[in-house]
Amino acid sequence: MTLQEIDASTSCMMVEAFIETAQETRARSGSRLQALREGVVAASMVLSAFTGMPEEEARETARIWAQTNKELEF
C-alpha cells in the first residue's frame, strides 16, 4: 500500500491518533522526538487495524506519512 492509497477516513483517524498520543507524551514531559516516535506508533496501529497491513509495513508507512503530513502539529 502506498501513501496515496490510504483513504481519507483512515488518514483522519491516523492524524487524530498521532496528535493525541504526541500531546500526551509531551504532557508527561517527553521530548519532541519521543512524542514523534510514539505518535508514529499510534498512527501505524490505526493503519494496520483499518487496512490489515502487517505491523512492520504499517510502521514504515506511518513513518513516511508523518514526514509528509502538514497536519501533525503538537
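D7 sits in the segment before helix 1. Helices here are DSSP runs of H or I with at least four residues, numbered from the N terminus. D7 is partly exposed, because its relative accessible area is 40%. Buried means under 20% relative accessible area, exposed means over 50%, and partly exposed lies in between, with a 1.4 Å probe and protein chains only. D7 and F50 are 43 residues apart along the chain, and their C-alpha atoms are separated by 9.9 Å.

A word on the model. It is predicted: local features need pLDDT of at least 70, side-chain atom pairs count only at pLDDT 80 or more, and totals for chains, interfaces and linings use all residues. Residues are numbered from 1 along each chain as its sequence is written, and side-chain values use heavy atoms, with hydrogens and water left out.

Now the helix pairs. Two packed helices are described by the angle between their axes and the distance between the axes. Axes are lines fitted to C-alpha atoms, for helices over the stretch in contact, and angles run from 0 to 180 degrees between N-to-C directions.

Take helix 1 and helix 2. Their axes come within 7 Å and cross at roughly 150°. Helix 1 and helix 2 are therefore roughly antiparallel to each other. Angles under 35 degrees count as roughly parallel, over 145 as roughly antiparallel, 65 to 115 as roughly perpendicular, and the rest as oblique. The crossing of helix 1 with helix 2 is right-handed. That word applies if the near helix is turned clockwise from the far one by less than a right angle; anticlockwise gives left-handed. On the helix 1 side, the meeting residues include M14, A17 and F18; on the helix 2 side, they include A43, L47 and F50. By class, the residues of this contact divide into 13 nonpolar, five polar and three charged. Ala, Val, Leu, Ile, Met, Phe, Trp, Tyr, Cys and Pro count as nonpolar, Asp, Glu, Lys and Arg as charged, and the others, Gly among them, as polar.

The loop between helix 1 and helix 2 holds S29. S29 is not a glycine, yet it has a positive phi of about 70°. S29 counts as exposed because its relative accessibility is 69%.

Helix 2 (residues 32-51) also packs on helix 3 (residues 55-68), at an angle of about 125° and with the axes 8 Å apart. That makes helix 2 oblique to helix 3. Helix 2 passes helix 3 in a right-handed crossing too. Among the residues that meet are V40, S44 and S48 in helix 2, and A58, A62 and A66 in helix 3. This contact of helix 2 with helix 3 has eight nonpolar, three polar and three charged residues.

Two serines of helix 2 deserve a look. S44 lies in helix 2 and is buried, at a relative accessible area of 3%. Beyond four places in sequence, S44 is in contact (heavy atoms within 4.5 Å) with A58, R59 and A62. S48 is also in helix 2 and is buried, at 18%. With residues up to four places away not counted, S48 touches M53, P54, E55 and A58.

Last, the core. The largest nonpolar core has 19 residues; M14, F18, A43, L47, W65, A66 and L72 have the most contacts inside it. Helix 1 (8-27), helix 2 and helix 3 are the elements that give two or more residues to this core. A nonpolar core is a set of buried Ala, Val, Leu, Ile, Met, Phe, Trp, Tyr and Cys residues joined through side-chain atoms within 4.5 Å. Neighbours within four places aside, A66 is in contact with F18, V40 and L72.
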